[in-house]
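Subject: Structure handover

Hello,

Here is the structure I promised to pass on. Please open it alongside this note, which goes through the findings.

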Amino acid sequence: MKLWYGLLVFALLISVALAVALGEAVTLAEVGRVFWYRITLGHATAPDAIADRIVWNLRLPRAVLALVVGGGLASVGAAMQTLVRNPLAEPYILGISSGATAGASLFYLGFLPPLLSKNLSMPLAAFAGGLCAITIVYSVAGGRGRLSVARLLLAGVAIAALMASITSFITLSSPEPDKLRAVLFWLLGSLHHATWTLLPWPTLATLLGLAVLLLMAQPLDAMLLGDEPAHNLGVRVEHIKRLLIVVAALVTGSIVAASGAIGFVGLIVPHAVRSITGVTHRRLLPACFIVGALFLLWADLAARLLLPGEQLPVGIVTALCGVPFFLALLRRSDYGFG
């Protein structure tokens, strides 16, 4: 397994380099000059200003955001599948993504009161919407003092549908039709607006969430057996469930606020990795993070390069690439969840 992890990390580094180097407007030599200039803290020959801006301020933050978003969605997806013991679970099952898109749409299309709109940004509005959604879902699922997985799933589906309806209504009734294309692009998931100032919050939230999940690796292994067997093994099942929901809300909400709703990463990657590492979470979670980062990095690179002069939303590419692979994985006779 150590060799496998080493190969994944090496592939990650090569992929970041390719994501920064490939594309129009700059050559590979210019990319090298930009990095050498930055590594030497400005003591080397200064690169072309345009090349420096494209490589350092546009492509590299976008690549780093792809790593954070892909890794966060995949690792949280693996934990959510364990929480509900359902192979179709993913981070958006709690309605966080739909709540975030509703909050972003309300802000971007000017439906919030002026007092709120002046003190919010689009990412903050998206995070607030996701937090509102998970609060409602959690209050319904744990309303009787014991968190019910069945109520959690049903409440998540219902709130997701409600938030999607709100988003559709405010989008169709917007007085500014010129903004609809931008909103649609964001709703489908995009890393196009990645900047260095955007990165700290989703990066911190994702790394913190991964650390908490790794600390809960043994209880998560036990929960695969069911609530009662896990309880008999000494696991505080209800406490772990609540903590998982908080982690999922934190990581997914921060990711959606930064990149929009990118689907299928949290669903597909854990299944692909689980078939190699097994179900032990101490090995599964780090591998999911790295593979999820790789998957989204290459999906975003394809989104940039498929149509010359245009950029597809990366959510479209993740679906086009991921769904056929997922269906092929499910057809394997030796594959089973959990």
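First, a definition for the residue classes: Ala, Val, Leu, Ile, Met, Phe, Trp, Tyr, Cys and Pro count as nonpolar, Asp, Glu, Lys and Arg as charged, and the others, Gly among them, as polar. By those classes, the lining of the largest cavity has four nonpolar, no polar and four charged residues. Please keep in mind that this is a predicted model.

**The cavity**

Searching the whole structure turns up one cavity of 30 Å³ or more. The largest cavity holds about 50 Å³ of space. Its lining consists of Ala-19, Arg-59, Arg-62, Ala-63, Leu-297, Asp-300, Leu-301 and Arg-304. Two helices, α3 (49-84) and α14 (281-305), each give at least two residues to this lining. The largest share is from α14, with four residues.

**The second largest pocket**

This pocket has a volume of about 380 Å³. It is lined by 17 residues. Nearest its centre are Glu-24, Arg-59, Arg-62, Arg-304 and Gln-311. Arg-59, Arg-62 and Arg-304 are also among the residues that line the largest cavity. Again, α3 and α14 each supply at least two lining residues. Here the largest share, four residues, belongs to α3. By class, the pocket lining has eight nonpolar, four polar and five charged residues.

**Helix α6 and its partners**

Next, the packing around α6. Helix α6 covers residues 122-141.

*With α4.* Helix α4 spans residues 96-108. It packs on α6 at an angle of about 140 degrees, and the axes are 6 Å apart. α4 is therefore oblique to α6. The crossing is right-handed. On the α4 side, the contact uses Ile-96, Gly-99, Ala-100, Gly-103, Ala-104, Phe-107 and Tyr-108. On the α6 side, it uses Met-122, Ala-125, Ala-126, Gly-129, Gly-130, Ala-133 and Ile-134. This contact has ten nonpolar, four polar and no charged residues.

*With α7.* Helix α7 runs over residues 149-172. The axes of α6 and α7 come within 9 Å and cross at roughly 145 degrees. This crossing is right-handed. From α6, the contact residues are Ala-133, Ile-136, Val-137, Val-140 and Ala-141. From α7, they are Arg-151, Leu-152, Ala-155, Gly-156, Ile-159 and Met-163. The contact has nine nonpolar residues, one polar and one charged.

*With α12.* Helix α12 takes in residues 237-259. It packs with α6 at about 155 degrees, with the axes 8 Å apart. Angles over 145 degrees count as roughly antiparallel, so α6 is roughly antiparallel to α12. The crossing of α6 and α12 is right-handed. α6 brings Pro-123, Ala-126, Phe-127, Ile-134 and Tyr-138 to the contact. α12 brings Arg-242, Ile-245, Ala-249, Leu-250, Gly-253, Ser-254 and Ala-257. By class, that makes nine nonpolar, two polar and one charged.

**Where to look in α6**

Which α6 residues meet α12? Among them are Ala-126 and Ile-134. Ala-126 and Ile-134 also meet α4. Ala-133 is one of the α6 residues in contact with α4, and Ala-133 also meets α7.

Best wishes

Conventions. Residues are numbered from 1 along each chain as its sequence is written. This is a predicted model: local features need pLDDT of at least 70, side-chain atom pairs count only at pLDDT 80 or more; totals for chains, interfaces and linings use all residues. Side-chain values use heavy atoms; hydrogens and water are left out. Axes are lines fitted to C-alpha atoms, for helices over the stretch in contact, and angles run from 0 to 180 degrees between N-to-C directions. Angles under 35 degrees count as roughly parallel, over 145 as roughly antiparallel, 65 to 115 as roughly perpendicular and the rest as oblique. A crossing is left-handed if the near helix is turned anticlockwise from the far one by less than a right angle, and right-handed if clockwise. Contact means heavy atoms within 4.5 Å. On a 1 Å grid over the protein atoms alone, a cavity is a set of points where a 1.4 Å probe fits but cannot get out, and a pocket is an open set with protein on both sides within 12 Å along at least five of seven lines; lining residues have an atom within 4 Å of a point. Grid points are joined across faces, edges and corners, and a volume is the space filled by probe spheres set on the points.
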